[in-house]
Amino acid sequence: MTHSTSPFPPRLALTLLAMAQLIIALDATIIFVALHEMGVQLRINAQQLQWIVSAYTVAFGGCLLLGGRAADLLGRRRMYRLGMALFALASLVGGLSSSASMLIAARAAQGIGAALLFPATLSLINTIYAEGATRNRALAIWSMASAGGLALGTLLGGVLTQAFGWSSVLLVIVPFAGACALLGGRWLPRDAAPQRDRSFDLAGCLTVTLGGSLLVTSLVQGPEWGGSAPATLGCLLVSVVLLGVFVLIEQRSRDPLMQFSLLRLRSLRAAMLLTMLFMSSFGVQYYFLALYFQDGYGWSPLQAGLAFLLPTLVCTYGITVAEKMLARRSPRQVLAWGMGAGAVGIAAVALALPHGASYWALLPGVVVLSLGQGMTWTAMWIVAGQGVPAAQQGVASGMAATAQQIGGALGLAVLVMLANAGRGADVSGRSVEALQGLVNAQYGAAAFALLGVGVALWLRPPR
C-alpha cells in the first residue's frame, strides 16, 4: 500500500530504491583502492588520508536521525531526491578536488547525502509495499543491491584507479546519482502535504547531529589518536553532554525529533542491537580480510577485490534463502540462524588462519559467514520496521541505521585494539605476533555474532 495521491510504477520505484543502496554501499568501498594514489598526487599525509575515509562515516552516522526526521516531516520523495542530488554534487566536487581539505569536505557532504537518502529509502519501502511477502521481496532486492555495491566498489575502484586515476572513483557516481534524482520525481509516489502543526525541532536536530558526529568521531579516530588522548576524551565528553541535552530537549518538546515511545517497541530495540552487532561481526570482515590478503599474501588491491567476489555471490544467495525462509518462519528464527552461521564461519576463519597458507583454506569459513551475512541483513531491517507507525518510519530507520554506524565504528575500534595488543605496530600479518593478533580479532568478531543469536532469540515469537 502507498500514501501516494497519483499512480506510480512500483517496479521502477524499487529500481530507484535499490540504486540508492547500491550507491551508498559502493561509495563505502570504492574509495579504499584509490587512497594510495590520492596521497601521492595530492601530497596528503597519513592523518588527512584517514579523514578521507572518516569524514564520510562521521557525517553519515551523525546526520541519520536528522535525515529520518526530514523524511517523515518534509517528505520521503523530496529527501530521496535531495540526498541523491547532494551525492552527485559532492562526488563531482570531490573528483575535481585539488587539495586535501576540499576532498575531505566533499566526502563529508557525501555522508550527509547518504544520511538523507538511507532513512528515506527504507521508509519508502516500508510504506509503499505491504507488510509480508511483498515487502520481504522488496527488502531482499534492496539488500542484494547493497551486497553488490560492496563488492563492486573494490573491483571498480581498482579498475578505474588503474585506468583513469583516483578522481574517476568519485566522478563515476555523478551520472548515476544525478539520474536517480531526476527520475525520483516520476517513479516515486508523491509526498503528502506537510503537516502545518508539526515543527522541525531545530534544537533537538542540532544537539543530536553534533553529538552523534562527535561520538562517531571519537570511535573512528580513537585508535589513531589513542584511547586516552585529550582529543579522544574531549570528543567523547562533549558528545555525551550534547546527547544528554538532546534527551532533555526531547522530553520537554511539544513535537520532538525522536519519539522515545518508539523505544518501547521490543522489535526496534532488538533491531538497533542487531545492527550494531552485525557491523561488529560481519561488517569488520572487509577490513581484516582485505588487510590479510594484501599484506599477508602480497596481493594487489585488484586481486584483493576479486577475492571478495565469491563471498558476495554467497551473501546474495543468503538473501534469497532468507526471503524463502521468511515465507515459512519468523524473522526471529531467520536472525538466529543467520547470526549463528556468522559466529561459526568467522570462528572457522580464525581457526584456518594459523594453518592455511592459501586463500582456499579460509574459503569454507568465508562461505558460511557470507551465507549468514545475507540472511541477517534482510531480516534485521524487516524487524526494524515492524510495529512502527507509518508517520515515524523515517525516524525509526534513522535510529536503527545510527546504531549500525556506531556499532561499526565501536566494533572495529575494539577489534583493532585486540589485534594490536602485545605486538607493536605490525599489522601486516607477516609475523607470528601479527597473525595471532588477527586471529584474536576474528574470535572477538565471532563472539559479537554469538551475542546476536541471543538478541534474536530475545525477540518475541509472532502471535
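This is a predicted model: local features need pLDDT of at least 70, side-chain atom pairs count only at pLDDT 80 or more; totals for chains, interfaces and linings use all residues.

User: How close do the axes of helix 10 and helix 17 come?

Analyst: They come within 8 Å. Helix 10 is residues 266-281 and helix 17 is residues 432-458. Helix 10 passes helix 17 in a left-handed crossing.

User: Which residues in helix 10 and helix 17 meet?

Analyst: From helix 10 you have Arg 266, Arg 269, Ala 270, Leu 273, Leu 274, Leu 277, Ser 280 and Ser 281. They meet Ala 445, Phe 448, Ala 449, Leu 451, Gly 452, Val 455, Ala 456 and Trp 458 in helix 17. Split by class, that contact has 11 nonpolar, three polar and two charged residues.

User: OK, next pair. At what angle do helix 14 and helix 15 cross?

Analyst: Roughly 155°, with the axes coming within 7 Å. Helix 14 covers residues 331-352 and helix 15 covers residues 359-385. They are therefore roughly antiparallel to each other, and the crossing is left-handed.

User: And how many charged residues are in the contact of helix 14 with helix 15?

Analyst: None: it divides into 21 nonpolar, six polar and no charged.

User: What about helix 1 and helix 7, how do they pack?

Analyst: Helix 1 (residues 10-42) and helix 7 (residues 173-187) pack at an angle of about 150°, and their axes are 10 Å apart. That makes helix 1 roughly antiparallel to helix 7. Helix 1 passes helix 7 in a left-handed crossing.

User: Which residues make the contact there?

Analyst: Helix 1 brings Leu 12, Ala 13, Leu 16, Met 19, Ile 23, Leu 26 and Asp 27. On the helix 7 side you get Ile 173, Phe 176, Ala 177, Cys 180, Leu 183, Gly 184 and Trp 187. The class count for helix 1 with helix 7 is 12 nonpolar, one polar and one charged.

User: Switching to cores. How many residues does the largest nonpolar core have?

Analyst: It has 81 residues. Those with the most contacts inside it are Met 38, Tyr 80, Met 84, Phe 87, Phe 118 and Trp 381. Helix 1 gives the largest share of this core, 15 residues.

User: What does Met 84 touch?

Analyst: Leaving out residues up to four places away in sequence, Met 84 touches Met 19, Ala 20, Ile 23, Leu 117, Ala 177, Cys 180 and Ala 181. Another core, of 29 residues, lies apart from the largest one, and Phe 288, Tyr 292, Ala 304 and Leu 435 are among its members.

User: Now single residues. Where is Val 314, and is it buried or exposed?

Analyst: Val 314 lies in helix 13 (residues 309-326). Its relative accessible area is 13%, so Val 314 is buried, under the 20% cut-off. Setting aside neighbours within four places in sequence, Val 314 is in contact with Val 367, Ser 370 and Leu 371. The C-alpha atoms of Val 314 and Ala 343, 29 residues apart along the chain, are separated by 16 Å.

User: And Leu 171, what does it touch?

Analyst: Ser 91, Leu 92 and Gly 95, again not counting residues up to four places away in sequence. Leu 171 sits in helix 6 (residues 168-171). Its relative accessible area is 29%, so Leu 171 is partly exposed.

User: Which loop is Arg 43 in, and what is its phi?

Analyst: Arg 43 is in the loop between helix 1 and helix 2 (46-74). Its phi is positive, about 55°, although Arg 43 is not a glycine. Most residues other than glycine have a negative phi. Arg 43 counts as exposed, at 76% relative accessibility.

User: Last one: how far apart are Gly 132 and Ala 327 in space?

Analyst: They are 8.1 Å apart, C-alpha to C-alpha, and 195 residues apart in sequence. Gly 132 is in the loop between helix 4 (100-128) and helix 5 (133-164). With 27% relative accessibility, Gly 132 counts as partly exposed.

Notes:
Residues are numbered from 1 along each chain as its sequence is written. Side-chain values use heavy atoms; hydrogens and water are left out. Axes are lines fitted to C-alpha atoms, for helices over the stretch in contact, and angles run from 0 to 180 degrees between N-to-C directions. Helices (H or I, at least four residues) and strands (E, at least two) are DSSP runs, numbered from the N terminus. Angles under 35 degrees count as roughly parallel, over 145 as roughly antiparallel, 65 to 115 as roughly perpendicular and the rest as oblique. A crossing is left-handed if the near helix is turned anticlockwise from the far one by less than a right angle, and right-handed if clockwise. Contact means heavy atoms within 4.5 Å. Ala, Val, Leu, Ile, Met, Phe, Trp, Tyr, Cys and Pro count as nonpolar, Asp, Glu, Lys and Arg as charged, and the others, Gly among them, as polar. A nonpolar core is a set of buried Ala, Val, Leu, Ile, Met, Phe, Trp, Tyr and Cys residues joined through side-chain atoms within 4.5 Å. Buried means under 20% relative accessible area, exposed over 50%, partly exposed in between (1.4 Å probe, protein chains only).
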